[in-house]
Amino acid sequence: MSVVVANPSASDDYFRFFGLNQQFKIDLPALDQAYLAIQKEVHPDRHARGSDAEQRLAMQMATLANTALQTLKNPIQRGLYICQLHGVDAKLETNTAMPAAFLMKQMEWRENLGEQAEDLPALEALMTEVEKSKADTLAEIAQAIDGAKNYQRAAELLRGLLFIDKFAAELDDAISALV
């Protein structure tokens, strides 16, 4: 068991910061363990008697650890971050182009949600389909990043996953309203 030490020089790479391999499929318990080790090391109480510069560095490392953890824990944010590290910007704000089949599926889901808003079993069946689509997309993203190193393809898939995620949240709200 190696000791994780907050490394300010690794702040440009969240994976290196936590001592993890840069990949989409990450070991979440190892991420949590590395985060806790860093937080323990940079906790303000440990630096209360330190110089202003030491206290400031500890606060910066604690903030960086929080940001890095939130980024790497979320699969969409993690994927976008890896793409960014490899010079691929998903252009989420400007690039909304999606394959026709994907858009048709989205329209079908939205239609079903509208038509079956009061039908709990139908909405639950739709949620099962959406969750499967999400899992399939996550697997494709992992293959694109960890397998093919095709960050452009991963960015396209991640844009689609954002749509799926947003719809899943709306669907979840509709189901919650009926329960």
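## A loop residue with positive phi

Lys 149 counts as partly exposed because its relative accessibility is 47%, where buried means under 20% relative accessible area, exposed means over 50%, and partly exposed lies in between, with a 1.4 Å probe and protein chains only. Lys 149 sits in the loop between H6 and H7; the helices named here (H or I, at least four residues) are DSSP runs, numbered from the N terminus. The phi of Lys 149 is near 55°, a positive value in a residue other than glycine. Most residues other than glycine have a negative phi.

This is a predicted model, in which local features need pLDDT of at least 70 and side-chain atom pairs count only at pLDDT 80 or more, while totals for chains, interfaces and linings use all residues. Residues are numbered from 1 along each chain as its sequence is written, and side-chain values use heavy atoms, with hydrogens and water left out.

## The nonpolar core

In soluble globular proteins, nonpolar side chains tend to be buried together. Here the largest nonpolar core has 51 residues, and those with the most contacts inside it are Phe 17, Phe 18, Leu 72, Val 130 and Leu 171. Such a core is a set of buried Ala, Val, Leu, Ile, Met, Phe, Trp, Tyr and Cys residues joined through side-chain atoms within 4.5 Å.

Two or more residues of this core come from each of H1 (14-18), H2 (28-42), H3 (52-73), H4 (75-85), H5 (100-115), H6 (120-147) and H7 (151-178). Helix H7 gives the most, with 12 residues.

## Helix H4 and its ends

The buried residues of H4 are Ile 76, Arg 78, Gly 79, Leu 80, Tyr 81, Ile 82 and Cys 83. They pack against H1, H2, H3, H6 and H7, where contact means heavy atoms within 4.5 Å.

Just after H4, Gly 87 takes a positive phi of about 80°.

The largest pocket has a volume of about 330 Å³. On a 1 Å grid over the protein atoms alone, a pocket is an open set of points where a 1.4 Å probe fits, with protein on both sides within 12 Å along at least five of seven lines, and lining residues have an atom within 4 Å of a point; grid points are joined across faces, edges and corners, and a volume is the space filled by probe spheres set on the points. Of the 19 lining residues, the closest to the centre are Pro 99, Phe 102, Thr 137, Leu 157 and Gly 160. Helix H7 gives the most to this lining, with seven residues.

The second largest pocket has a volume of about 200 Å³, and its lining includes Tyr 14, Thr 71, Leu 80 and Glu 93. Helix H4 supplies the largest share of this lining, four residues.

## Two pairs across the chain

How far apart in space are the C-alpha atoms of Asp 119 and Ala 174? These residues are 55 apart in sequence, and their C-alpha atoms are 9.9 Å apart. Asp 119 lies in the loop between H5 and H6 and counts as partly exposed, at 34% relative accessibility.

Leu 57, in helix H3, is also partly exposed, at 38% relative accessibility. The C-alpha atoms of Leu 57 and Ala 144, 87 residues apart along the chain, are separated by 37 Å.
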